[in-house]
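User: I have a structure open here and would like to talk it through with you. Could we start with the strands and then move on to the helices and loops?

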Amino acid sequence: MASGSRNEERWKERNGYHPGTMVGTQGRGFRIIKPEMCYFCFDVLYCHLYNLQPPQVPSFCNENYPLFVTWKIGKDQKLRGCIGTFNEMHLHQGLREYAVTSAMKDSRFSPVSREEFPSLHVSVSILCHFEDGADYTDWDLGTHGIRIEFNNERGSKKTATFLPEVPTAQGWDKIQTIDSLLRKGGYKGAVTPEVRRSIRLVRYQSEMISVTYADYLHHCRSRSQGEH
């Protein structure tokens, strides 16, 4: 357990974890996110859907970070799957795993099909700057993602998260965001002020980049022509 505690402290230090303080991304962002990470996710999913050998090892960095992969579909970019991890993973393995998991195993949706592939958009989010919130309102819309821990109506501990872009995309205020996140986490009882106050909240920031299938297609053509 001591080793685990040391690892957690090192992880917090690397990811800018400072309880009770605000750490902005300006001037201190990781700046490691690259479009190639999204192209790689498309490659991985394509190979999975068509039973091909996995793509080659990508050229972007392979450091350890928490990450999420989000798939959307169509012109209106409806959510098609979003799964990730708050545990650090090597980016190559993490994106390889969650590109498929988020597309095929998000319990809210059926698995992505071959026919849907040309209509997809993918986003990669790398998480950073984790901070304990003083209460359920101690975060900023449009800046922070939030991860909440709460007890459901049966007393079981549950967790749920929204990435930073979710509340603003939905047009939610903080209360609406918290209530929606409780529902996402499986809370079925009445959401009262007491329930909200009982939440343990961690806020975080992220680097996020998105590409469309058209972007991916252009990348594939450039790659086949030997362009960089």
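User: How many bridges pair β4 and strand β5, and in which sense do they run?

Analyst: This is a predicted model, and in it β4 and strand β5, the latter covering residues 157-162, pair in the antiparallel sense over 6 bridges. Within that pairing, Ile-148 has Ala-160 in β5 as its bridge partner.

User: And which residue stands opposite Arg-147?

Analyst: Opposite Arg-147 is Val-202, which belongs to β6. Strand β4 (residues 145-151) and strand β6 (residues 200-212) also pair in the antiparallel sense, in this case over 5 bridges.

User: Back to the β4 and β5 hairpin: which residue there takes a positive phi?

Analyst: That is Gly-155, with a phi near 90 degrees, in a hairpin that has 5 residues between its strands. The loop between β4 and β5 also holds Glu-153.

User: What does Glu-153 touch, leaving out residues up to four places away in sequence?

Analyst: Glu-153 touches Gly-186, Tyr-187, Lys-188 and Gly-189, and its side chain reaches the backbone nitrogen of Lys-188 at 3.3 Å. Val-195 is 42 residues from Glu-153 in sequence, yet the two C-alpha atoms are 9.7 Å apart in space.

User: Is Glu-153 buried, exposed or in between?

Analyst: Glu-153 has a relative accessible area of 43%, so it counts as partly exposed.

User: What about Ser-206, buried or exposed?

Analyst: Ser-206, which lies in strand β6, has a relative accessible area of 18% and is therefore buried, the cut-off being under 20%. Leaving aside neighbours within four places in sequence, Ser-206 is in contact with Ser-125, Ile-126, Leu-127, Cys-128 and Pro-164.

User: Switching to helices, how many of the residues of α2 are buried?

Analyst: In α2, 11 of the 15 residues are buried, which makes the helix mostly covered. Among them are Met-37, Tyr-39, Phe-40, Phe-42, Val-44 and Leu-45, as well as Cys-38, Cys-41 and Cys-47.

User: Which elements do those buried residues pack against?

Analyst: The buried residues of α2 pack against β1 (64-73), α3 (91-104), β3 (120-132), β6 and α7 (213-224).

User: Where is Gln-77, and what is its phi?

Analyst: Gln-77 lies in the loop between β1 and β2 (78-90), and although it is not a glycine, it has a positive phi of about 50 degrees. With a relative accessible area of 39%, Gln-77 is partly exposed.

User: Now α7, then. Which of its residues are buried?

Analyst: The buried residues of α7 are Tyr-216, His-219 and Ser-222. They cover an arc of only 125 degrees around the axis, so they sit on the same side of α7. That buried set packs against α2 and β6, whereas on the other side of α7 Ala-214, His-218, Arg-221 and Ser-224 are exposed.

User: How far does α7 reach, and what happens at its start?

Analyst: α7 has 12 residues and reaches 16 Å from its first C-alpha to its last, close to the 16 Å expected at 1.5 Å a residue. At the start of α7, a side-chain oxygen of Thr-212 comes to within 3.3 Å of the backbone nitrogen of Ala-214, and just after the helix Gly-226 takes a positive phi of about 80 degrees.

User: Last topic, confidence: what pLDDT does the protein chain average?

Analyst: The protein chain averages a pLDDT of 88, with 86% of the residues scoring at least 70. Over residues 1-29, however, the pLDDT is below 50, and this stretch has 48 contacts in the model beyond near neighbours in sequence.

How values were computed: Residues are numbered from 1 along each chain as its sequence is written. Side-chain values use heavy atoms; hydrogens and water are left out. Two strands pair if DSSP finds at least two bridges between them. Helices (H or I, at least four residues) and strands (E, at least two) are DSSP runs, numbered from the N terminus. Buried means under 20% relative accessible area, exposed over 50%, partly exposed in between (1.4 Å probe, protein chains only). Contact means heavy atoms within 4.5 Å. pLDDT is the predictor's confidence in each residue, from 0 to 100. A polar contact is a pair of N or O atoms within 3.5 Å; within protein, one must be able to donate a hydrogen and the other to accept it, and residues adjacent in sequence count only if both atoms are side-chain atoms. The expected span of a helix is 1.5 Å times one less than its number of residues. The arc is that of the directions from the helix axis to the C-beta atoms.
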